[in-house]
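Me: I want to learn how to read a fold from its coordinates. Can you take me through one chain?

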Amino acid sequence: MIESVVFSLLNGVLYGMLLFMLASGLTLIFGMMGVLNFAHASFYMLGAYCAYSISQVLGFWGALVIAPIIVGLLGALIERVGLRNVHKHGHVAELLFTFGLVYVIDELVILVWGQLPVDYRIPEALDFTLFSLYGSDFPAYRGFILFMAVAMFVAIYLLLVRTRVGMIIRASLSHPDMVGALGHNVPRIFTFVFAFGTGLAGLAGVMAGNYFITEPGMAFAMGPIVFVVVVLGGLGSLGGALVASLIIGLVTTFAVGMNYSIADMLASAGIAFGQDSVLGINLSRFGPMLPYLLMVLILIFRPRGLMGSRES
Amino acid sequence: MSEREAALKGAVAGLILSSASALAVMLPTAAMAQEEPIRIGYIDPLSGPFANVGDAGLKQFRYLAEKMNAEGGILGRDIEIVGFDNKSSAQESLQILREAADEGIHYVTQGNGSHVAGALVDGVEKHNRRNPDNRIVFLNYAAVDPTLTNEKCSFWHFGFDANSAMKMKAITDYMADQDQIKKVFLINQDYSHGQFISQAGKDLLGEKRLDIEIVGDVLHPVGKVKDFSPYISRIKASGADTVITGNWGNDLSLLVKAGDQAGLDVDWYTYYAGGLGTPTSLGKAAAGKVKMITEWQENLAVRYEAPELRSMLEEFEQRYSGIEFYYLRVKTEMDMLKKAMEKAGSADPQAVAFALEDMSIETPFGTATMRAADHQLMQPLFMSTFGEDYLEYDSEGTGFGWKMDAEIPADETRVETSCEMKRPTRAS
């Protein structure tokens, strides 16, 4: 029993932290710019593919540094050339723009790297067992992912709260005119934020691409769940994204481990009922639905999310 | 026709004939195949997430058609494969069926997704009832839902891959001989395919080896799980030494990779580990541990000394880098179609369908027979293991390949059918 709880905790926290790496960029862009970036998971995919190509030449560590920068620069370019012009036409136009971007990036990835998964591997330096627990191995790469995710949270938090740059960014959000009047170039700040956010998605791609599989469907698979995290945590709230990521990671992981149905529980309470109905379905099969259920519930009862400040 | 028109036509025909005979000297094959080609509609995803699989299948059909045409085609006519994109949708496929019928296509082939195959069987039945002059035969090269050759069986449908029940029988027969297997865990995708394997696996193992304990049976959502670690923890906790899974694509790769990372030491019995792109994403995580049950893998051509197949697969791979000669059954399908048409002496769908019943052909691995009772092909199956210890061909350039463990003769894959075939009255 303790064994399975410990494993579920470890697995849940790891999955949660991976989600956080993705969600942090998305919530940052939304919080700072008010842009809901549908294409966020596409930048994550680009990060993984770029890392694959770069690691062929420079190895994993080179890819870890360069790939997020490339993705960030691409993000900056897209913001500067596309999004900034679309911005004038309001939020719906922006949404549609990023929605279109999803398909453009998808097709580009297929054109460049093909339909098949690519052989992007975990670096050998990290391909060992960190420790064994109850006979199960905990790979070092998972430890590395955890470390990077925590480092990312701390770095972003310090950047926003403790530095002058962060102060200006936060000010441009709430009082763009005033910041502009003080001589700061607000549009350039927005470009920077977008580049930073997409760069973070790229970094998540570098980290997760080899842990999972780098293939053209990876953006599509990750897209919806990241939105759930951001909505649950509160749009624009970094702390909220962290809490929501962990909640979703743990909830899905623990649900998988549940090997009984509601009918079983009733039976153990002495009530024989519903073994053949929907109540007889194993709870673990409901697991994948839970994050979406949580999102629906939070939108009904607390629309601004767990820690969000915006009503939207 | 007036006399003048007839005279004119005669003159024109004479002119064409004389020039044709001159041409015929230079191009004998072109003259032979001047009749309309026999067209086969290929209905599979050519766009969307499964486009790569559909595209690889289409290339293989086209390649084999080209080979056949170079040898004179069927009854002197060329074979033409017409690709249709069904976007993995049953609805779309029925639309295509109508389109194909309008274009005068009498043969369709499909494989990816039993939901599509099921819809096509219904669609073809309905169409043939309403259009007795324009019938369609459905050659299924990969959909393995057992209902297709049982409850839903149709005279117009022919299954060329061993169905899921036969594969499960073969897997459990093989497992029954492996004494080291004590505890088995089943993990499958939560839809008809996975649910069937979970049930059949438990039933068959129970019959064959009472001492084997089923220590777990899990269904997970299709294509939605990113991190399989929690499932791996459950397998680990159950103490299983063997896992059976019907998973395909990423659901299989992610599962096996997560197991490898957690140091899970089990043998994986799979259906689809050899599928397009799967060996690449599995890599060394699968080496020595993953087995699959199939009618073919490339090293069998070496093992059974089949030079014709070897030159074929080598030529195919040279032409299309990145994909492999995945389906021997596509070749079986085309060869049988040819033999049936030659036996029937025409390409008439009904005559060919009758000719296909009980037809046998020789493959390098033994005889393949189309069982008349349910239109299910009986062919030898093979259990193979992924690893460094392969004969000659590695998979997708990974440095790992398939090595045969055992042959299951066609006879031993036999599963009884509940099909009550309704045949049309034979026009003599």
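Predicted model: local features only at pLDDT ≥ 70, side-chain atom pairs only at ≥ 80, totals over all residues.

Me: What is the secondary structure of chain B?

Reply: Chain B has 14 helices and 15 strands.

Me: How does the radius of gyration of chain B relate to that of a compact globule?

Reply: Set the value beside the globule rule for the chain length. A compact globule of 428 residues would come near 22 Å, and chain B has 24 Å, so the two agree. The C-alpha atoms fill a box of roughly 90 × 45 × 40 Å along the principal axes.

Me: How many of the residues of chain B count as buried?

Reply: Burial is a neighbour count: 20 or more other C-beta atoms within 10 Å. By that test, 50% of the 428 residues of chain B are buried.

Me: Which share of the contacts in chain B joins residues at least 24 apart?

Reply: Take contacts between residues at least 6 apart in sequence. In chain B, 70% of these join residues at least 24 apart.

Me: Which strands pair with β6(B)?

Reply: One is β7(B), residues 213-220, parallel to β6(B) and joined to it by seven bridges. There, Phe185(B) has Gly216(B) as its bridge partner. The chain gets from β6(B) to β7(B) through helix α7(B), residues 192-208, in a right-handed β-α-β crossover. Another is β8(B), residues 242-245, also parallel, with three bridges to β6(B). Here Leu186(B) stands opposite Ile244(B).

Conventions
Residues numbered from 1 in each chain as written. Chains lettered and ligands numbered in written order. Helix = DSSP H or I, 4+ residues; strand = E, 2+ residues; numbered from the N terminus. Rg over C-alpha atoms; globule rule 2.2 N^0.38 Å. Buried ≥ 20, exposed ≤ 12 C-beta atoms within 10 Å, placed from the backbone. Contact = placed C-beta atoms within 7 Å. Pairing = 2+ DSSP bridges. Right-handed = clockwise from strand over helix to strand, strands pointing away.
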